[in-house]
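Welcome! Take a moment to turn the model around, and then let us walk through it together.

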Amino acid sequence: MDIHQLKTFVTVAREGSITKASELLFRSQPAVSAHIKNMEETLGLTLFQRTPRGMAVTPDGQRLLTEAHQLLDRHQKFLEEASRLRGSLAGNLTLGAGRNSSTGVVSNLLAAMSQEFPEVEVELQHRPSVRVLEGIRNGSLDAGFYTETGEDDAGLSTLEISNFCVYLAAPADMVPVAAEVNWKALENVPWIYPSGNSCCGRVARDLLDTHGIRPKRVINVDDEGVTRALIASGVGIGLVHANSTNPQENQGDIVLLSQVQKSARVLFAHLSCRIEDPVIAAVRSILATDNCTSLSFDDDRTLGAALIAS
């Protein structure tokens with residue numbers, strides 16, 4: 001039995017699903033199933049019960065799960081101590097990032113970690129902001145970048161990375177630009193609508209509810225770059241991010257109709273109890289440098305098309 005099988009055991013137990021565990025571990029579902037089967041055969045115990053709702057940990061599995069967590073923690077501390085003895089930093093770092101979570105900063109961070117701490121193995125997982133927070137709290141992520149969700153940040157240590165405004169935007173000449181938006185008339189034009197669990201999805205839902213409108217046609221898109229392209233090509237209207245200080249700058253072929261959220265912050269976070277963790281401390285030191293966080297809004301949005309998912 002090796003450390004990878006222990007990680008598989010812990011992940012399947014936490015997620016209750018072979019499918020979800022395979023996505024988080026970047027392994028095929030047969031490989032994850034094989035890890036569990038090999039462990040059960042080696043131990044002579046049944047670790048999971050297969051149910052219609054997924055994988056349920058057996059009482060024997062539950063008792064061993066505590067030991068597995070401790071072994072993985074000791075393994076990580078072993079690697080960290082070895083790196084300290086040889087004067088370098090080593091270990092694993094699993095980061096989560098939302099689609100609009102300052103991807104330029106994420107790119108710079110990954111590049112700096114690779115150059116300054118090559119023995120730290122970094123894994124980036126794209127998740128919606130709410131799942132980044134969930135992952136930090138349940139331990140499947142060491143840290144992450146997310147757009148603030150309005151949830152309580154108790155127990156987390158956070159750094160503000162950037163901020164932006166959210167605007168309703170339209171193609172030039174599709175909707176008359178006026179001091180007061182005719183919200184009822186907007187029911188008749190197509191809306192490019194993000195998913196409900198994303199930052200703009202929640203804002204869009206609140207916007208429609210506030211003005212009591214129900215668009216006759218909705219196009220679901222979860223990527224702001226695609227949304228902007230569709231708006232610019234005349235497909236419909238939708239929500240976009242804009243610079244907090246100069247929202248009209250570099251908007252191209254789209255027109256900003258109305259500000260729908262004054263400011264949204266992008267945060268980096270980890271559990272407060274891990275503030276002394278050497279790898280977390282290394283990340284924070286990089287994020288504190290000017291060359292990591294001094295990107296302009298447009299640089300950040302351009303890099304976002306290559307990296308982010310939320």
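In helix α9, the residues V279, I280, A282, V283, I286 and L287 are buried, meaning under 20% relative accessible area with a 1.4 Å probe, protein chains only. Looking down the axis of α9, you will find these buried residues within an arc of 155 degrees, so they line one face of the helix; the arc is taken from the directions from the helix axis to the C-beta atoms. Helices here are DSSP runs of H or I with at least four residues, and strands are runs of E with at least two, numbered from the N terminus.

This is a predicted model, where local features need pLDDT of at least 70 and side-chain atom pairs count only at pLDDT 80 or more, while totals for chains, interfaces and linings use all residues. Residues are numbered from 1 along each chain as its sequence is written, and side-chain values use heavy atoms, without hydrogens and water.

Now on to the sheet. Eight strands form an open sheet with mixed pairing, in the order β4-β3-β5-β10-β6-β9-β7-β8; two strands pair if DSSP finds at least two bridges between them. At the edges sit β4 (120–126) and β8 (218–220), each pairing on one side only. Strand β3 (residues 91–97) runs parallel to β4, and the two pair over seven bridges. One place to look is T94, whose bridge partner in β4 is E123. Helix α6 (residues 129–138) packs on the sheet and touches β3, β5 (143–147), β6 (156–171) and β10 (254–271), contact being heavy atoms within 4.5 Å.

Definitions and conventions: Axes fitted to C-alpha atoms, helices over the stretch in contact; angles between N-to-C directions. Buried < 20%, exposed > 50% of the residue type's maximum accessible area, 1.4 Å probe, protein only.
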